[in-house]
Amino acid sequence: MRLCAKPSDTVADPKSFPAIEPRHLWQIIEERPGYSCKWVSITQRDFVQPNGSTGCFHQVELPHDGTVILAYQDSQVLLAREYRPAVGGIIWGLPGGRGDDNETPLQTAERELLEETGLKAGQLLPLTSFYPIGAVLKHEIRAFLALDVKKVGEIDQELRTRNNWSFGIKSLV
């Protein structure tokens, strides 16, 4: 991983980076499966770290890729407000969710945007993929930029979603 020494440093286009680079200096001593179901699995791994010390790490893995959509219109990005069981409350976030079996990331983005916002994008462009909490969570997120969005349906009330156009980000387009 390359860290910038000062703000003027430039880094290569993130799309050119592999999503996961091979582990070169970390040696697995032992791997123990923990809890597992169709939605999540937890594994404990003991490593010898590059400095020679040992450490225990837990990995949470979700079986399907996730998708987030930056719906951009009038210099603003759409945020969805909805109940999230993991945090036990209603929070703001980007529309998105897990892919279904045999669904491409683009199909997931289209479906999630419609379900959570009632919107359809005239253009849905792939931005990048990333691991949001790579130290613990093995779950790749695909990010898309939705342009020329139009209301074509109603919000899926089961998701208890409420939407609000919020904060301008003119540099996205």
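## Report on a predicted protein model

At 2% relative accessibility, E116 counts as buried. This glutamate belongs to helix α1, and a polar atom of its side chain lies 3.2 Å from the backbone nitrogen of G96. The structure described here is a predicted model, not an experimental one.

The protein has 1 helix and 11 strands. Read from the N terminus, the elements follow the order β-β-β-β-β-β-β-α-β-β-β-β. Helix α1 covers residues 105–117.

Which residues of α1 are buried? They are T108, A109, R111, E112, L113, E116 and T117. An α-helix has 3.6 residues a turn, so residues three or four places apart point the same way. After the helix comes G118, which has a positive phi near 75°.

### The open sheet and its pairing

An open sheet of 4 strands is arranged in the order β1-β2-β3-β9, and its pairing is mixed. The edge strands, each pairing on one side only, are β1 (27–36) and β9 (137–138). Strand β2 (residues 41–48) runs antiparallel to β3, and 8 bridges join the two. Within this pairing, R45 has F57 of β3 as its bridge partner.

Another antiparallel pair is formed by β5 (residues 76–84) and β6 (residues 89–93), which are joined by 5 bridges. R84 has G89 of β6 as its bridge partner. The hairpin of β5 and β6 has 4 residues between the strands, and in this hairpin G88 takes a positive phi near 70°.

Is Q59 buried or exposed? Q59, which is found in strand β3 (residues 54–61), has a relative accessibility of 12% and therefore counts as buried, the limit being under 20%. Its side chain makes a polar contact with the side chain of R45 at 2.6 Å. The side chain of Q59 also makes a polar contact with the side chain of E61, at 3.2 Å. Not counting residues up to four places away in sequence, Q59 touches S41, I42, T43, R45, V136 and K138.

One of these residues, K138, has its place in strand β9. K138 is partly exposed, because its relative accessible area of 36% falls between the 20% and 50% limits. Although K138 and Q59 are 79 residues apart along the chain, their C-alpha atoms are separated by 6.7 Å. Leaving aside neighbours within four places in sequence, K138 is in contact with Q59, V60, E61, L62 and Y131.

| Residue | Relative accessibility and class |
|---|---|
| E116 | 2%, buried |
| Q59 | 12%, buried |
| K138 | 36%, partly exposed |

### The nonpolar cores

Which residues form the largest nonpolar core? This core has 11 residues: I69, A71, L78, A109, L113, L119, A121, L124, F144, A146 and V149. The elements that give two or more residues to this core are β4 (66–73), α1 (105–117), β8 (119–130) and β10 (141–151). Another core, of 5 residues, lies apart from the largest one and includes L70, Y72, V77 and L145.

### The protein as a whole

Buried residues make up 29% of the 173 residues in the protein. Of the contacts with a separation of 6 or more, 55% are between residues 24 or more positions apart.

The protein averages a pLDDT of 77, and 75% of the residues score at least 70. Over residues 1–15 the pLDDT is below 50, and this stretch has 9 contacts in the model beyond near neighbours in sequence. The pLDDT is also below 50 over residues 160–173, a stretch with 49 contacts in the model beyond near neighbours in sequence.

Technical notes
Residues are numbered from 1 along each chain as its sequence is written. This is a predicted model: local features need pLDDT of at least 70, side-chain atom pairs count only at pLDDT 80 or more; totals for chains, interfaces and linings use all residues. Side-chain values use heavy atoms; hydrogens and water are left out. Buried means under 20% relative accessible area, exposed over 50%, partly exposed in between (1.4 Å probe, protein chains only). A polar contact is a pair of N or O atoms within 3.5 Å; within protein, one must be able to donate a hydrogen and the other to accept it, and residues adjacent in sequence count only if both atoms are side-chain atoms. Contact means heavy atoms within 4.5 Å. Two strands pair if DSSP finds at least two bridges between them. A nonpolar core is a set of buried Ala, Val, Leu, Ile, Met, Phe, Trp, Tyr and Cys residues joined through side-chain atoms within 4.5 Å. pLDDT is the predictor's confidence in each residue, from 0 to 100.
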